[in-house]
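I opened this notebook page to record what I looked up in one structure.

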Amino acid sequence: PCNTFRVRRESHHLDLVIELPGAAPIVIENKVVSLPEEEQLERYSADNIRALGRGEAQKGLLSLTDPGWENAEHRGWVHVPWASLSGRLAKHLAMTRPEGDFVRELAARWESLLWDLSQVLELTRPLLGESLLLDGDLRAVLDTVRIGDAVEKARVRRFRQDLARLLGPDVMRRVDLSSAFGSGGPIVDVKVPLSDGALLGWQLQGQQWRRFLIAPEELQGKAPGLRQARIAYAQSQHREWFDLSAVSAMISCLPAANADFKHYAPGFVYDYVKVPEATIAELLKLAAVETERALAYAAERSRPSD
């Protein structure tokens, strides 16, 4: 514990450190929509907070997006939603009179912004019967205030949380589930390791449902010869994995533009079908089935041949 009150920003790459006399410091990681991975927060606990030289700390993740933690806690980090902070600020402003009109007005406007953004996120919470992508008209409205990407990032994060719960802890220990948001829209994928060092799995990017393969390390790189070697490897060793007929049997699909393997360096080979009419419920069901298929395929390929 310290003997003086002090507030620091970006101390040891921590967003906010609040030190109170006679108490453990309070460390706040502040996020709007994009959330840190749990591993990053654990590194902060082990390295950055320890570097403060103040011993243990109270740790809070302040964010607009729900990280999906059980009981809002993960290894000592407690999630505090922006809506909660807004309510506390409003209560504080009603009880006190911050010195100066500027401070009072700034605090009031910040409280209003926090509340408005939290309500937008709640109103756009994804429903099972909806598309994962926002309706075009709604997206256009949100883009006028530059929060369209933020809302879609939050929807992707929610989809990932729902999928993790659907898969269950046993499956989650055997796969790598990740999500992101890029220029092509939401990206969600599951990777499963193969015995030869390759990875395979499925990926949802925008309206494309992909089955992919990440080649072994010795086949990775940007040289033209390596690209052809990766495609030959996928063709000869894992052509069966790229048969998307099982996907088409489950969900309404449109074919890819051509029948060739699609590819980008250093090692990603894929094929896809388009799923423009898929609902979140359909995508969750498909994702669960495709994950089991990937695990079964990997297990089959790891068995020694007779």
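The entries below take the helix contact and then the salt bridges.

Entry 1, the model. I note at the start that this is a predicted model, and I read the values below with that in mind.

On the α5 side, I listed Arg155, Phe159, Asp162, Leu163, Leu166, Leu167 and Val171 as the residues making the contact, while α8 contributes Ile280, Leu283, Leu284, Ala287, Ala288, Thr291, Glu292 and Leu295. Sorted by class, this contact of α5 with α8 holds eleven nonpolar residues, one polar residue and three charged ones.

How many salt bridges does a search of the whole structure find? I noted 19, and I followed several of them individually. As background, side chains of opposite charge can pair when their charged atoms come close.

Glu19 belongs to strand β2 (residues 14–19) and Arg8 to strand β1 (residues 6–11), so the pair ties together parts that are eleven residues apart in sequence. Glu19 is buried, at a relative accessible area of 2%, whereas Arg8, at 22% relative accessibility, counts as partly exposed.

I then looked within helix α3 (residues 101–123), where Glu105 and Arg109 both lie, four residues apart, or about one turn of the helix. Their side chains meet in a salt bridge of 2.7 Å, N to O. Glu105 is partly exposed with a relative accessible area of 40%, and Arg109 is exposed with 59%.

I recorded a salt bridge between Arg301 and Glu240, whose closest N and O atoms are 3.7 Å apart. This pair links distant parts of the chain, since Arg301 is in helix α8 and Glu240 in the loop between α6 (224–238) and α7 (245–250), 61 residues apart. Arg301 is partly exposed, with a relative accessible area of 34%, and Glu240 is exposed, with 54%.

Which residues are linked in a network of salt bridges? I wrote down Arg139, Asp143, Asp149 and Glu152.

Conventions: Residues are numbered from 1 along each chain as its sequence is written. This is a predicted model: local features need pLDDT of at least 70, side-chain atom pairs count only at pLDDT 80 or more; totals for chains, interfaces and linings use all residues. Side-chain values use heavy atoms; hydrogens and water are left out. Contact means heavy atoms within 4.5 Å. Helices (H or I, at least four residues) and strands (E, at least two) are DSSP runs, numbered from the N terminus. Ala, Val, Leu, Ile, Met, Phe, Trp, Tyr, Cys and Pro count as nonpolar, Asp, Glu, Lys and Arg as charged, and the others, Gly among them, as polar. A salt bridge is a side-chain nitrogen of Lys or Arg within 4 Å of a carboxyl oxygen of Asp or Glu. Buried means under 20% relative accessible area, exposed over 50%, partly exposed in between (1.4 Å probe, protein chains only).
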